[in-house]
Amino acid sequence: MASETFTRREVTRRSVLVGGAAAVGGLVIGGLAGSALAPKSSSSGGGSRGSVKVVGIFPTGGSIASDGKEMANGVKMALDEINARGGLIGYHLDYVEIDDKDSSTDQITTAFNRAVSVEKADVIFSGYHLASGPEFDIVANAGALYYNVNTQVAWVQRYKSNPGKYWGIFQCDPTEFWYGQGFAYWVDGALNAGLLNSKAKTYSIISGKSAYGTVIASGFETQIKQLGWTGLTNDGVSEGAVPDWGPVLSKVKQAAPTVLFTSVFSPADDAAMAKAWAASPTKTLVYQQYGPSVPEYLNLAGTAANGIVWATVLGLLPDKIGNDFRSRYAAKFGAQPGWANAGGCYDEVNVWAEAVARSGDPKNYKAVAKATESVIWRGTTGSISFVDHTGVQFPAQTSDASVGQPHIIVQIQDGQQKVVSPTPFTSGTFVLPSWMR
């Protein structure tokens, strides 16, 4: 596999945490995730130095429960592995999970208030929240540590406005800003290379109406226009509330652009769209944003998904580290993980854990936060490092894969997910969809 050379070259960046007081202030340089991070012992007893209260907050009981369970499983797996090795520098990790259901503003507020006021968390982990916003001030005002993969440029703006207030919060992946730009460059390159069976630089957009979907679609349109493409249609839909894709897709089919770019993140919405498209396609490459990364998508879309292209800046890589994680996850939970949040949430726990080992004290939150700022963690989703308390995207934000998380572009081929960009993380090559031949 193309990425194995990179993995072996970068493994020296991975610091493997061990239990016991002897590890304070020091790290053991170890091997790949499959061997070094897997449990070494079945012991789950109390740590010799006490315990650390860990709280996970995920939308496991609402409209995005399938993704919420991926988040929760990733965090639980990382914590269980650390405890099985004897704990984190001698501390046992005591875990409480909170369901914020549909992650509405009120539900987020209730969950995070419980985490800081009732559970008195030493650290909080989550994936993303649909109404993300109120949690940041709750955590900041409590002086707590919080690690997430919200994928929001809005967080960067918030942090930069007052870093002294938000010192304990880290977004462990790049922002959604990079989606549109990255795909614009990729599809322009694919057309210029003759891969799309078209010379017409034309596009249509169906944007999700959320702030997240709007940022992504706007970024794509800005960049693709700069590359000389012409827009034909532009519509928007509300994520989670698309009763019928027929009318909005009919406009696209009449225009017959070379590419259709969509920024609807819901796997159920995306699967329904794929089925509606497959019923009467035109010679248009279809891009969907994030939704196909969730296992639910392929179950719902079936063969209609074949040929679809999608992307994520939080991608579980098809390399040694990613595949070892997949094997251990399947053994633990009885199913393969999705392509984003299971690995992303697993990684964020290990980012925090390495920062704790560097600082030597999980209860000294400011010291842990300071250590986190300098962590470079080679995880399942690439190399996590921080600028403005946010992950760095490879290859657009940085050309150095040793400090960035790849923006992977994936195509579904015969029911299989094939990473077609960027190198050296590919697991396949782009194939022209059957409806474009």
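Student: What is the relative accessible area of lysine 225?

Tutor: Lysine 225 has a relative accessible area of 49%, so it is partly exposed. The cut-offs are under 20% for buried and over 50% for exposed, with partly exposed in between (1.4 Å probe, protein chains only). This is a predicted model, where local features need pLDDT of at least 70 and side-chain atom pairs pLDDT 80 or more, while totals for chains, interfaces and linings use all residues. Residues are numbered from 1 along each chain as its sequence is written, and side-chain values use heavy atoms, without hydrogens and water.

Lysine 225 forms a salt bridge with glutamate 221, with the closest N and O atoms 3.8 Å apart. That term needs a side-chain nitrogen of Lys or Arg within 4 Å of a carboxyl oxygen of Asp or Glu. Both residues lie in helix 8 (residues 211-226), four residues apart, about one turn of the helix. Helices (H or I, at least four residues) and strands (E, at least two) are DSSP runs, numbered from the N terminus. Glutamate 221 is also partly exposed, at 21% relative accessibility.

The salt-bridge count comes to 15. Arginine 328 meets glutamate 81 in one of them, at 2.9 Å, N to O. Arginine 328 is in helix 12 (residues 320-333) and glutamate 81 in helix 3 (residues 65-84), so this pair ties together parts that are 247 residues apart in sequence. Both residues are buried.

Arginine 158 and aspartate 137 form another salt bridge, 3.8 Å from N to O. Arginine 158 sits in helix 6 (residues 153-161), aspartate 137 in helix 5 (residues 134-142), 21 residues apart. Arginine 158 is partly exposed at 24%; aspartate 137 is partly exposed at 28%. Salt bridges also link Lys53, Arg114 and Glu119 in a network.

Now the rings. There are 25 aromatic pairs. Rings of Phe, Tyr and Trp (its six-membered ring) pair if their centres lie within 6.5 Å; planes under 30 degrees apart are stacked, over 60 edge-to-face, the rest tilted. Phenylalanine 136 and tyrosine 146 are tilted: 6.4 Å centre to centre, 45° between the planes. Phenylalanine 136 is in helix 5 and tyrosine 146 in strand 6 (residues 146-148). Both are buried. Tryptophan 155 and tyrosine 166 are edge-to-face, at 5.9 Å and 80°. They, too, are both buried. A cluster of ring pairs links Phe183, Trp186, Tyr203, Phe220, Phe261, Tyr287 and Phe430.
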